[in-house]
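Thanks for coming, everyone. Please bring up the model on your screens, and I will walk you through a few of its features.

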Amino acid sequence: MTTVTRPRRVARIALGLLAAGLVATPVTAARAADPGVEPSTVTLTLGPGQSAQVDKVVHTPTIPPNPDVVLLADTTTSMGPVISAVQNNLASIIGGVQGPQPSARFAVAQYKDEDDEPDIPAFSVLQNLTADPGAVQNAVQALTPLSGGGSDAPEDWINALYQVANGAIAFRPESSRVVVLVGDSSSHDPSKGRTLSDAIGALQTADIRVVAVDVGPTPDTISDGLNSADQASAVVDATDGTLLAGTASNVVEQILAGIEDVQVTVTPTVTSCAGALSVTLAPASRTVDSGTDAAFAETVTVAPGTAAGTYQCSVDFLVDGVSLGFVQQLTVVVPGLAINDVQVDEGAGTATFTVSLSPQSTGPVTVAYATANGTATTADYGGTSGTLTFSPGQTSRQVTVPIVDDAVDEPTETFTVNLSQPVGAAITDPTGVGTIVDNDRDGVFSCTATALRVDTLTAARANPADVPCVDDAQTVAQAELGAGIVSVRTSVLNASTDQAPDDLNSAPKPGDGATAAASVDSTRITAGLVTVELGAIHSTAAVSCAGSPAGLTPGFTGSSAVTSLRINGVPVTVGSAPLTVPLVIGSLKLNETVTTGTSVTQRAVVLDTPLVDVVIGEAKANVEGTTAHPSGHPCQV
């Protein structure tokens, strides 16, 4: 490794010296990003099975976290000026480290050449790790170069490094361990029985980084330089450390620069995460110079089938295995898709469903839709299918389904619009129910009118089919019908039926109904010894829709009148009131009204005999249900 200086650190070093009161003029420096992870909060909108990548940057601290710094100095004769510089400016080293990392601890140790003075240890610890600057200063002040020591170039720092790594220093469990090796000569190898390989292995096992400051060779000494045998470069390479060149005039700056130049490893660790999410970061860890940025690519994936909702993860970006609070809070929102229910009248033409997305998405969302039969079939609506696309920010789309308006009375029917195959969201309500309210009447009017009926024989009969009621009229100038001993002669017979409105496809309204009417101008009935003579006869039956608390309901009315009656020449007073007259052949009934819950029948004249019945002026008006509504009527839908 080539010995280098670090000009990029000069601004930070100068600031540390200024804080320690060792320089008088402020130094202007570009402000670095505050340590931490950026962005620290992330909110994503994703659908089930989707992924997104987020670029993360960790701004590492200028000094590694929880630093345990061991100042390991050569105290042979040639190191006098360097040791004096460190003693005089130690405060700047302590302040430069403890400023950004208040938890820092310092230790002081020294090494010599074992051949110099056998009675003096080649390695000793003057102060184990402490946060007390005074104790550290006292230990540094105790660094005393040997008078006349260093009789040959190599010293014994390989042994010193081995001892530091092998228990001589009580490092904290979760500290960033840095040994600052300051010397001007190479090391014996082996050194007190420890080889360079031994020292490197021990340093690696203890996770110690070595900052080597080579302050030699110096004039008028036999020092050969700390890295003259490439030993220092081997150590720093193996421990991710730094090798710097220094002199008595800049050794403090180089020590600080070396500590700041130590590499740190950033390791993202998922500390908590919703089961529906998975978070991976690439690379799994990254090693960078302390104070520089470590970049990561974070991939967030939502599991297929995840329900709509909000899910969270926390990722702690550990620095050298230590949590510094560089925590990212990740929130993933899975939007929900829902379709509403719709009720429409059969005559509406279309049913419009609304598909809602909540919350809105930052990316496109698609969902397929298709209609399906229920009690309604495609004879009642137009089957449709397709795909809806929600643009970013859009929260609703519509599905329009044609509705068939037929003339068939039906019960209320339903079909569905079903959502499927969502992309970018989950489905919270997959089914929209379409309800078609039938607009056809729940029944029809029926009507019929008969001017004369003798047993099974009729004359002047309107709408003989009865159901449904239709407009009809029949007129007969004269009619003579007989059965058995009964004979009936009539003149000018009329029968008519009428429905309003003629077309029942419109909605029911008051006054809708049906009317039947029958009339005969004159009638003579002969039955054995009985003769019945009747004047003008008129009969009417009607049904009409009228309002009630329950809505429109059918009302029934019937009336009839007979202008005159003679039996065997004897006048009988009659009119429109019901009347029954006994006869030797049976009975004669006038103005009879028969009403049920669904019909009215009006008969003006009824001759009831044991063998033959005669009916004159009969009118009927009814309401009928349908197959869908057997008990229905045309006044309701």
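The lining of the second largest pocket holds seven nonpolar, four polar and five charged residues. On classes: Ala, Val, Leu, Ile, Met, Phe, Trp, Tyr, Cys and Pro count as nonpolar, Asp, Glu, Lys and Arg as charged, and the others, Gly among them, as polar. This lining has 16 residues. Nearest the centre of the pocket are Arg441, Gly443, Val444, Leu504 and Asn505. The space in this second largest pocket is about 250 Å³.

A word on where this comes from. The model is predicted, so local features need pLDDT of at least 70 and side-chain atom pairs count only at pLDDT 80 or more, while totals for chains, interfaces and linings use all residues. Residues are numbered from 1 along each chain as its sequence is written, and side-chain values use heavy atoms, with hydrogens and water left out.

We work on a 1 Å grid over the protein atoms alone. A cavity is a set of points where a 1.4 Å probe fits but cannot get out. A pocket is an open set with protein on both sides within 12 Å along at least five of seven lines. Lining residues have an atom within 4 Å of a point. Grid points are joined across faces, edges and corners, and a volume is the space filled by probe spheres set on the points.

How many cavities of 30 Å³ or more are there? By this rule, two.

Take the largest cavity. It has about 60 Å³ of space. Its lining is Val69, Leu71, Leu90, Ile93, Phe106, Ala107, Val136, Ile255 and Ile259. Strand 4 (67-74), helix 2 (80-98), strand 5 (105-111) and helix 7 (251-260) each give two or more residues to that lining. Helices (H or I, at least four residues) and strands (E, at least two) are DSSP runs, numbered from the N terminus. By class, the lining of the largest cavity is nine nonpolar, no polar and no charged.

The second largest cavity holds about 50 Å³. Around it sit Leu71, Ala73, Met79, Val82, Ile83, Val86, Leu143 and Val182. Strand 4 and helix 2 each supply at least two of the lining residues. Which element gives the most to this lining? Helix 2, with three residues. The classes here are eight nonpolar, no polar and no charged.

On to helix packing. Two packed helices are described by the angle between their axes and the distance between the axes. Axes are lines fitted to C-alpha atoms, for helices over the stretch in contact, and angles run from 0 to 180 degrees between N-to-C directions.

Start with helix 2 and helix 7. Their axes come within 8 Å and cross at roughly 40°. Helix 2 and helix 7 are therefore oblique to each other. The cut-offs: under 35 degrees is roughly parallel, over 145 roughly antiparallel, 65 to 115 roughly perpendicular, and the rest oblique. The crossing of helix 2 and helix 7 is right-handed. A crossing is left-handed if the near helix is turned anticlockwise from the far one by less than a right angle, and right-handed if clockwise. From helix 2, Val82, Ala85, Val86, Asn89, Ser92, Ile93, Gly96 and Val97 meet Val251, Val252, Ile255, Leu256 and Ile259 of helix 7. Contact means heavy atoms within 4.5 Å. This contact is ten nonpolar, three polar and no charged residues.

Next, helix 4 (residues 157-168) and helix 5. The axes of helix 4 and helix 5 come within 8 Å and cross at roughly 25°. Helix 4 and helix 5 are therefore roughly parallel. Their crossing is left-handed. Ile158, Leu161, Tyr162 and Ala165 of helix 4 touch Leu196, Asp198, Ala199, Ala202 and Leu203 of helix 5. That contact has eight nonpolar, no polar and one charged residues.

Helix 5 (residues 196-205) also packs on helix 6 (residues 231-238), at about 25°, with axes 10 Å apart. Helix 5 passes helix 6 in a right-handed crossing. Leu196, Ile200, Leu203 and Gln204 of helix 5 meet Gln231, Ala234, Val235 and Ala238 of helix 6.

Last, the backbone. The bond from glutamate 38 to proline 39 is cis, with omega near -10°. Proline 39 is in the loop between strand 1 (36-38) and strand 2 (41-45). Glycine 216 and proline 217 are also joined by a cis peptide bond, with omega about -5°. Proline 217 lies in the loop between strand 8 (208-214) and helix 6.
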